[in-house]
Amino acid sequence: MAEESITTTLPTPQNQPPSELTTPDESKPTLEVSARETETAVTTSTPETETAAEKPEVTPEEHQPPKVTETETASTEKKELGNEKSQQEEETARIPQNLGSFKEESSNLSDLSDSEKKSLNELKHLVRDALDNHQFGSVPKPEDAASAPEEVTIWGVPLLKDDRSDVVLLKFLRARDFKVKDSLTMLKNTIKWRRDFKIDELVDEDLVDDLDKVVFMHGHDREGHPVCYNVYGEFQNKELYNKTFSDEEKRKHFLRTRIQFLERSIRKLDFSSGGVSTIFQINDMKNSPGLGKKELRSATKQAVQLLQDNYPEFVFKQAFINVPWWYLLFYTVIGPFMTPRSKSKLVFAGPSRSAETLFKYISPEQVPVQYGGLSVDPCDCNPDFSLDDPASEVTVKPGTKQTVEIIIYEKCEIVWEIRVIGWEVSYKAEFVPEEKDAYTVVVQKPRKMKPADEPVLTQSFKVNELGKVLLTVDNPTSKKKKLVYRFNVKPL
């Protein structure tokens, strides 16, 4: 069977072009260099390359974009491919992927329709009357005149002071289908609840909990929404579960810590016209205790009700990943009671498609390592890469090879991160000098990567001559694989 090879050619960040798209030259001599992950390999040159290094510096041509070439072969694994396809179709049939199209409503005030503008102005008029007549229930300060209007602030935004207030009011209008009186009632109830719950004091309290791995913010999606992760599987830890839910007092503390976390996150949003004022929620259902835990079920029900009543339109999307079978039964029960608009915000993915689903909405460099991305915990140290260093994705088809070709135009140290979701592939790395008779340097011998191997490989190589780095992934399986990588170049 002919072997398929897909080559991606990338110029280095110095915006220099490849002189020509090429594949590895099998006729060149090869020199193996032992290289360990995260360490720099030593570069060895032949006399010819030493001579070449003394030549005048090569002037690069005009920048050319990366080029990808794909060549398909008649696979002998058609039967396996068919089986794999049927398994994926079965999972798709059991787990709804996306329940309708949904485009987030614009927070830009100029994008409102005439009827929406009319509703907003009507609500602002009613809010002004309510403030003038102290209908929100706040106690005026002694030094204030009796006729002074009431001052109300919500999520750090003073009502009716600037266009940020308009964005806040729009959330209540949309939550009540632009029914003005219903929106005003919801706003009044929310402000009363916030006062009774002492939200403004809660935000500054020093609450202690052990839930940093249960709920956390990490990165942004492709549209700039901050991403919140809810990891229910952490509650499989009996000690943590009992410490959080064993009695009513602990459940109240849990609720207060979650409200505090949400309030602090919301106050970092941009309530200006056209700003990002919603959050992307990801719910990891792996090893979730399920509905059998009555304490968790009770606390969750109470939290969901509070969020629905007092935090309107703060969720951009709700993604459920690593979805187990029992959750589908739960969704079957509640699904018919949900509005089409609410359903359209939901995304579901089983264990085999979770990373791929997240990448549709979040770039790999923003996704935590445990969910298929390249981003490490902020507490860990990654001196070579940050959230600002973009990653690339490539689909490696069954029975094919994928080669990432990085053209080097100057002496430098190149560092790269690479991973294939679930591995089950062979990976190698080499440096091919531009000089015709120079040795090809093996940075990484072909290595069979297993699912249990480290999720991300970080390697580096010092380049003392012009040439290219080739990162090759060989996928012998009947499944398509997702390759993710990025690199940085540091001039020497």
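Reader: Which side chain meets Arg251 in a salt bridge?
Author: The partner is Glu248, with N and O 3.1 Å apart, a salt bridge being a side-chain nitrogen of Lys or Arg within 4 Å of a carboxyl oxygen of Asp or Glu. This is a predicted model, in which local features need pLDDT of at least 70 and side-chain atom pairs count only at pLDDT 80 or more, while totals for chains, interfaces and linings use all residues. Residues are numbered from 1 along each chain as its sequence is written, and side-chain values use heavy atoms, with hydrogens and water left out.

Reader: Where do Arg251 and Glu248 lie?
Author: Both are in helix H8, three residues apart, or about one turn of the helix; helices are DSSP runs of H or I with at least four residues, strands are runs of E with at least two, and both are numbered from the N terminus.

Reader: And Arg251, buried or exposed?
Author: Arg251 is buried at 18% relative accessible area, whereas Glu248 is partly exposed at 43%; buried means under 20%, exposed over 50%, and partly exposed in between, with a 1.4 Å probe and protein chains only.

Reader: How many salt bridges does the structure hold?
Author: There are 22. One of them joins Glu393 and Arg222 at 2.8 Å, N to O. Glu393 lies in strand S12 (residues 392-396) and Arg222 in the loop between S7 and strand S8 (226-231), so this pair ties together parts 171 residues apart in sequence.

Reader: Switching to H5, what follows that helix?
Author: Lys198 does, and its phi is positive, near 55 degrees.
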